[in-house]
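User: I would like to learn how to read a structural model from the fold down to single residues. Please take one feature at a time.

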Amino acid sequence: MYIDTHTHLFAKEFDNDRDEVIRRAQEAGVERFILPDIELSSFEVMMKLAEKYPCICLPTIGLHPTSVNAENYKAELDFVHKTIDKHKFAAVGEIGIDCYWTMDYVEQQRIVFEAQLRMAAERDLPVIIHARNSFHEIFAILDKLMFLNIRGVFHSFSGTHADYEKIKSYKNFKIGIGGIVSFKNGGIAGVVENIPLDDIVLETDSPYLAPVPYRGKRNESAYIPLIVRKIAEIKGVKEDTLARYTADNARELFGIA
Ligand SMILES: [Zn+2]
């Protein structure tokens, strides 16, 4: 059994064949799908999908860093605050800081990230962290909030071994590995080689970041076995063993029965 800990199955890219995509993934052995929330405008379609597939598609709540701007961030954050206790969410996410697409709203991103970390800690929910060109900014905030014992996952990890070591210093974080591990120029194979099985969870980040040989095409959860094959090869372990460890890690982190 596999758990895709990060799929935006509610994205418009799946509007024409969402059920088919889920069926294909289930046939490939993917039994649970964590749906990381993005922003107010996508919340309802995410919840509809979660209601259609109870205990299979598990929603989260959070404001994505690339959805933060100076005009909207207060209203968006307010929505998260008002909604977080109204449903059962697997995590607070997707949250973080993104300095890749734009540096314009980094200050607002910091405010939103910290506020959501606090909301998660108050409810003992895990967090799903998006870090893109922003480990420095994210670590600064996590260092400040060390005392809150925040737990979660650094999703779609693309950092260095030093970044991994820093994440480990926070004690309760997993590393989400997806299609990037199969990219020749991704450069993370050497890092993944040294990450213990206890720390890894699987993800696609679909519809983005499809693994080789589908790189550049729409990604979907049915490609999880390709990611498993690649990680197993890098780490020199059996695919079964990797599947068992990563599913256990995901169950523990997100409280999946
Ligand atoms: Zn995502």
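The dialogue below goes from the whole chain to the sheet, the core and a few backbone features.

User: What should I know before I start reading?

Analyst: This is a predicted model, in which local features need pLDDT of at least 70 and side-chain atom pairs count only at pLDDT 80 or more, while totals for chains, interfaces and linings use all residues. Residues are numbered from 1 along each chain as its sequence is written.

User: How many helices and strands does the chain have?

Analyst: Helices (H or I, at least four residues) and strands (E, at least two) are DSSP runs, numbered from the N terminus. By that rule the chain has 9 helices and 8 strands.

User: What does the radius of gyration say about the chain?

Analyst: The radius of gyration is taken over C-alpha atoms, and the globule rule is 2.2 Å times the number of residues to the power 0.38. For 257 residues a compact globule would have a value near 18 Å; the chain has 17 Å, which agrees. Along the principal axes, the C-alpha atoms fill a box of roughly 45 × 40 × 35 Å.

User: What share of contacts join residues at least 24 apart in sequence?

Analyst: Two residues are in contact if their C-beta atoms, placed from the backbone, lie within 7 Å. Among contacts between residues at least 6 apart in sequence, 73% join residues at least 24 apart.

User: In what order do the strands of the open sheet lie?

Analyst: Strands of a sheet pair through backbone hydrogen bonds, either parallel or antiparallel. Here a pair is called when DSSP finds at least two bridges between two strands. The open sheet has 5 strands in the order 4-5-6-7-8, with parallel pairing. Strand 4 (92-98) and strand 8 (200-202) stand at the edges with a single partner strand each, so one side of each has no neighbour in the sheet. The twist from one strand to the next averages 30 degrees, where axes are lines fitted to C-alpha atoms, for helices over the stretch in contact, and angles run from 0 to 180 degrees between N-to-C directions.

User: Which residues can I use to check the pairing by eye?

Analyst: Strand 4 and strand 5 run parallel and are joined by 5 bridges; G96 has H130 in strand 5 as its bridge partner. Strand 5 and strand 6 are joined by 3 bridges, also in parallel, and I129 pairs with F154 in strand 6. Strand 6 (residues 152-154) and strand 7 (residues 173-177) have 3 bridges in the parallel sense, with G152 opposite F173.

User: How does the chain get from strand 4 to strand 5?

Analyst: A crossover is right-handed if, with the strands pointing away from the viewer, the path from the first strand over the helix to the second runs clockwise. The chain goes from strand 4 through helix 4 (residues 106-123) to strand 5, and this β-α-β crossover is right-handed. Strand 5, helix 5 (residues 135-144) and strand 6 also make a right-handed β-α-β unit.

User: How much of the chain is buried?

Analyst: A residue is buried if 20 or more other C-beta atoms lie within 10 Å of its own, exposed if 12 or fewer, and partly exposed in between, with C-beta atoms placed from the backbone. Of the 257 residues, 45% count as buried. In strand 5 (residues 127-132), 5 of the 6 residues are buried. I97, in strand 4, is buried because it has 26 C-beta neighbours inside 10 Å. Beyond four places in sequence, the contacts of I97 include P65, V106, F113 and A131.

User: Which residues touch the most other members of the largest nonpolar core?

Analyst: A nonpolar core is a set of buried Ala, Val, Leu, Ile, Met, Phe, Trp, Tyr and Cys residues joined through C-beta atoms within 7 Å. The largest one holds 70 residues, and L35, V127 and I177 touch the most other members. Leaving out residues up to four places away in sequence, L35 touches residues including L9, F10, M46 and L58.

User: Which backbone features deserve a second look?

Analyst: Most residues other than glycine have a negative phi, and most peptide bonds are trans. A cis bond joins G93 and E94, with omega about 10 degrees; E94 lies in strand 4. Another cis bond, with omega about 10 degrees, joins S206 and P207, and P207 is in the loop between strand 8 and helix 8 (224-235). N149 is not a glycine but has a positive phi of about 50 degrees; N149 lies in the loop between helix 5 and strand 6.

User: Is N149 buried or exposed?

Analyst: N149 is exposed, with 11 other C-beta atoms within 10 Å. L209, with a positive phi of about 55 degrees, counts as buried, with 24 C-beta neighbours inside 10 Å.
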